[in-house]
Amino acid sequence: PRLMSSKPELVQQIKSLQRSDPAFKEAWQRACDQHLGGLKDPNRLDAHVLEEFLNVLQAPKSRANQAPRHAPLAGAPVGLADLVKSGQRVSPSWKLAWETYCKLYGNGFNDPSRHDDAFLRGFIDYCGDLAQASLADTAEVGSKRTSPWSDTPHAKRQATPASAQLAPETAALVDKIKALQRSNPEAKEAWQAYCDAEAKGVKDPSRHEIDSLETFLMRYE
């Protein structure tokens, strides 16, 4: 069997073929969109993925169309930037939330690949916090745990986020604590420790009384 080329050689080969062969470029982009979360930079892919793609594309034409379905391409690792991009493609709400988050905290840069993992993880955690708060609020009022995207009648009544029901003073403190957690890992750890010690493990700030929020901020700052 032929020995696998080094990764730099594979990267250079794919880039050269994209420049010289429009059909190859189209096949590469199609495979990346379908199986690699839209990640098209060969430098960011494992060498065995590049090798397998080249093997299939350089095989007889009868096999060329099999490239998008080949298992090694489908099994390639997906990073946080690719996760955010996938969410943008399948969910308009996710896309709008990401663009708003970038406008507020990311200098208006909407391309996930221009942000580091800490920023991307902060956005994903933020979405998770909102979803958890909404689901917790729904559970507290005894609603059935039916997905808001299902076809059941309950889907027409979506939960209102708990933060929307807070007094302005409390909402401001909730937002401040959430912003601290997103921007400072030490603050996030301090909040979690505080919740475990004094709030029975409840970590959603919107479920704390204003006195509890003020106490934490006073101790932390």
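The second largest pocket is lined by 19 residues. D125, D129, Q181, R182 and K188 lie nearest its centre. A pocket here is an open set of points on a 1 Å grid over the protein atoms alone, with protein on both sides within 12 Å along at least five of seven lines, and lining residues have an atom within 4 Å of a point. The space in the second largest pocket comes to about 400 Å³, a volume being the space filled by probe spheres set on the points, which are joined across faces, edges and corners; the probe is 1.4 Å.

The model is predicted: local features need pLDDT of at least 70, side-chain atom pairs count only at pLDDT 80 or more, and totals for chains, interfaces and linings use all residues. Residues are numbered from 1 along each chain as its sequence is written, and side-chain values use heavy atoms, with hydrogens and water left out.

By type, the lining residues of the second largest pocket divide into five nonpolar, six polar and eight charged. Ala, Val, Leu, Ile, Met, Phe, Trp, Tyr, Cys and Pro count as nonpolar; Asp, Glu, Lys and Arg count as charged; the others, Gly among them, count as polar.

Take R182, one of the residues nearest the pocket centre. R182 sits in helix α9. Neighbours within four places in sequence aside, R182 is in contact (heavy atoms within 4.5 Å) with Y101, Y105, G122 and Y126. R182 and R121 are 61 residues apart in sequence, yet their C-alpha atoms are 8.6 Å apart in space.

Now follow α9 into α10. Helix α9 covers residues 168–183 and helix α10 covers 185–198. They pack at an angle of about 125°, with axes 5 Å apart. Axes are lines fitted to C-alpha atoms, for helices over the stretch in contact, and angles run from 0 to 180 degrees between N-to-C directions. α9 and α10 are therefore oblique to each other, since angles under 35 degrees count as roughly parallel, over 145 as roughly antiparallel, 65 to 115 as roughly perpendicular and the rest as oblique. I177, L180, Q181 and S183 in α9 meet P185, A187, K188 and W191 in α10. The residues of this contact are five nonpolar, two polar and one charged.

From α10, the contact uses E186, A187, A190, W191, Y194 and E198; from α11, it uses S212, L213, T215, F216, R219 and Y220. The axes of helix α6 (residues 80–90) and helix α7 (residues 92–105) come within 5 Å and cross at roughly 125°. V84, G87, Q88 and V90 of α6 make the contact with P92, W94, K95 and W98 of α7.

Definitions and conventions
Helix = DSSP H or I, 4+ residues; strand = E, 2+ residues; numbered from the N terminus.
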